Amino acid sequence: MPLDTLFSTFRMAGRNPLSAPQLNDYARLMDEGWAGPDFIDDDQADLAKRYYEVFIAEENQVPTRTNWHDTFNAMMWIAFPRSKKLINTLHCEEIAQFGIHPRTPKRNRITHFDECGLVIALPQDKLEKGNQLLERLANHQWQECLVDNQHEWGNTLFPVIIGHALYEMLLDPFIGLTAKWLAVIVPAGFEKMDEKTRYKMIDVALSERLTKLDGLAAKNTLKPIPLLGIPGWYSEQTEAFYADTGYFRPLAPNAPATVQLPLRRT
């Protein structure tokens with residue numbers, strides 16, 4: 001289960017939200033060379049004249065409340081610092097060009113991915129099989145991808161959550177919980193790496209992928225996946241569960257193809 005994996009990787013003994021000082025300690029535990037951002041109590045940040053994302057970029061500090069939403073956000077900063085910094089930079093570039101309000105379509109997509117994003121890592125030596133599976137996933141061929149090929153998850157396709165809101169919702173999971181996925185290529189042998197090393201490999205690949213995709217500029221980039229349908233991520237993955245078309249929805253007749261596939265070696 002993804003929550004168990006996250007807590008284990010961070011060596012969290014308890015299951016309680018963390019304060020900003022505690023999160024700074026975890027950042028240095030995970031990375032001895034941690035260069036920030038630092039996490040500060042939310043009431044220490046003056047956001048009256050600066051937008052949240054701008055404050056982070058200018059101060060190298062993330063205002064943080066002691067609740068699960070902000071705890072998971074900080075943990076994603078610690079796990080994927082390059083990608084989170086890039087997401088922050090993309091926000092700031094859009095704000096500088098178009099202002100804070102209204103949010104641009106590009107910023108909406110960046111926000112959605114930051115909150116509800118799932119990275120699907122595909123080792124470069126398994127591209128052919130992986131692209132076949134991803135094509136089925138993109139076309140909502142849920143049975144073929146999630147059930148008939150369930151053994152390929154954790155062998156060919158490696159799903160890793162980056163959206164902090166997803167982790168928060170997994171504390172009390174519900175039918176309907178959906179992520180937006182983006183696939184990346186990772187080095188061969190990924191399946192043999194420990195979780196911290198996997199995070200680093202994904203962070204590098206994801207930041208490069210987001211850059212090449214111009215920060216999700218195209219609206220037909222991200223694709224949905226019923227999060228609880230990922231093999232092994234929910235305790236009640238019965239035949240009836242996967243037959244629920246209210247959750248596992250068919251592809252809309254005129255849905256455009258995603259621009260992110262197929263994945264190719266560079």
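**Note on backbone exceptions and buried positions**

1. Arg-11 is exposed, its relative accessible area being 59%, where exposed means over 50%, buried under 20% and partly exposed in between, computed with a 1.4 Å probe on protein chains only. The residue sits in the loop between α1 (2–9) and α2, and its phi is near 55°, a positive value in a residue other than glycine. Helices here are DSSP runs of H or I with at least four residues, strands are runs of E with at least two, and both are numbered from the N terminus.

2. Before going further, please keep in mind that this is a predicted model, in which local features need pLDDT of at least 70 and side-chain atom pairs count only at pLDDT 80 or more, while totals for chains, interfaces and linings use all residues. Residues are numbered from 1 along each chain as its sequence is written, and side-chain values use heavy atoms, with hydrogens and water left out.

3. The bond from Gly-36 to Pro-37 is cis, with omega near 15°, and Pro-37 lies in the loop between α2 (20–30) and β1 (38–41). His-101 and Pro-102 are likewise joined by a cis peptide bond, for which omega is about -5°, and Pro-102 is placed in the loop between α5 (81–98) and α6 (105–116).

4. Which residues of helix α3 (residues 52–59) are buried? They are Glu-53, Val-54, Phe-55 and Ile-56, and the buried residues of this helix pack against β1, β2 (61–64), α4 (68–79) and α5. Just after α3, Asn-60 takes a positive phi of about 55°.

5. Asn-131, in helix α7 (residues 127–138), is buried, with a relative accessible area of 14%. Contact is taken as heavy atoms within 4.5 Å, and once its neighbours within four places in sequence are left aside, Asn-131 is in contact with Leu-122, Leu-261, Pro-262 and Leu-263.
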